[in-house]
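Reader: Hi! Could you walk me through this one before I get lost in the viewer?
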Amino acid sequence: MRNRGYVIDGPRGGGKSRLADDSGVHRAAVTRLLQRQSMPDLETMRRLAVVLGVPLRDMLIRSGRLSEDDLPLEPGPGTDPGAGRRLSPEEAARRMGVPEELRALFVKVARQFLTEGP
């Protein structure tokens, strides 16, 4: 945050307010996050990642929500042959064991965070 010019240590909280405005996140939520009083939901993390210029993957790992093993950049040894390709949300739900009755919801939410590409 500091590297992006947000003065979050000042007593007046101007940097927090500006970060909240820029990201569309409520100022109180930014304050709670900085004081480690709450864990951001995925949408909040996505918004902050965009404003801060940090990949969402890094935000998830730095927050402690997921590990690098959970979000590998490259397929590791012993992974299945399809590991190098992008999984569909349906396939991801199946592999993660999302219950059948929740898969449609999972797929709908996951598609909101996907970008077009290879």
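This is a predicted model: local features need pLDDT of at least 70, side-chain atom pairs count only at pLDDT 80 or more; totals for chains, interfaces and linings use all residues.
Author: Happy to; we can start with the overall fold and then go residue by residue.

Reader: Good to know. How many helices and strands does the protein have?

Author: There are 6 helices and 0 strands. Read from the N terminus, the order of elements is α-α-α-α-α-α.

Reader: And what share of the residues is buried?

Author: Of the 118 residues in the protein, 25% are buried.

Reader: Okay, on to the inside. Which residues have the most contacts inside the largest nonpolar core?

Author: Those are Tyr6, Leu19, Val25, Val30, Leu48, Leu52 and Met59, in a core of 15 residues. Two or more core residues come from each of helix H1 (14-23), helix H2 (27-34), helix H3 (42-52) and helix H4 (56-63).

Reader: Which helix gives the most to this core?

Author: H3 does, contributing 4 residues.

Reader: What does Tyr6 touch, leaving out residues up to four places away in sequence?

Author: With those left out, Tyr6 contacts Met1, Gly15, Arg18, Leu19, Asp22, Val51 and Leu52. Leu19 and Leu52 are also on the list of core residues with the most contacts.

Reader: What happens just after H5?

Author: Gly97 comes there, and it takes a positive phi of about 80°.

Reader: Last topic, the surface. Which residues make the nonpolar patch of about 250 Å²?

Author: Leu102, Leu105 and Val109 make that one. Leu105 belongs to helix H6, which covers residues 100-113.

Reader: Why does Leu105 count as exposed?

Author: Its relative accessibility is 52%, and exposed means over 50%, so Leu105 qualifies. As background, nonpolar side chains in soluble globular proteins tend to be buried together.

Reader: Great, I'll go and look at that patch. Thanks!

Conventions:
Residues are numbered from 1 along each chain as its sequence is written. Side-chain values use heavy atoms; hydrogens and water are left out. Patches are made of residues with over 30% relative accessible area and no salt bridge: like charges are joined within 9 Å, nonpolar side chains (Val, Leu, Ile, Met, Phe, Trp, Tyr) within 5 Å. Accessible areas come from the Shrake-Rupley method with a 1.4 Å probe; for residues, only the protein chains shown count as cover. A salt bridge is a side-chain nitrogen of Lys or Arg within 4 Å of a carboxyl oxygen of Asp or Glu. Buried means under 20% relative accessible area, exposed over 50%, partly exposed in between (1.4 Å probe, protein chains only). A nonpolar core is a set of buried Ala, Val, Leu, Ile, Met, Phe, Trp, Tyr and Cys residues joined through side-chain atoms within 4.5 Å. Contact means heavy atoms within 4.5 Å.
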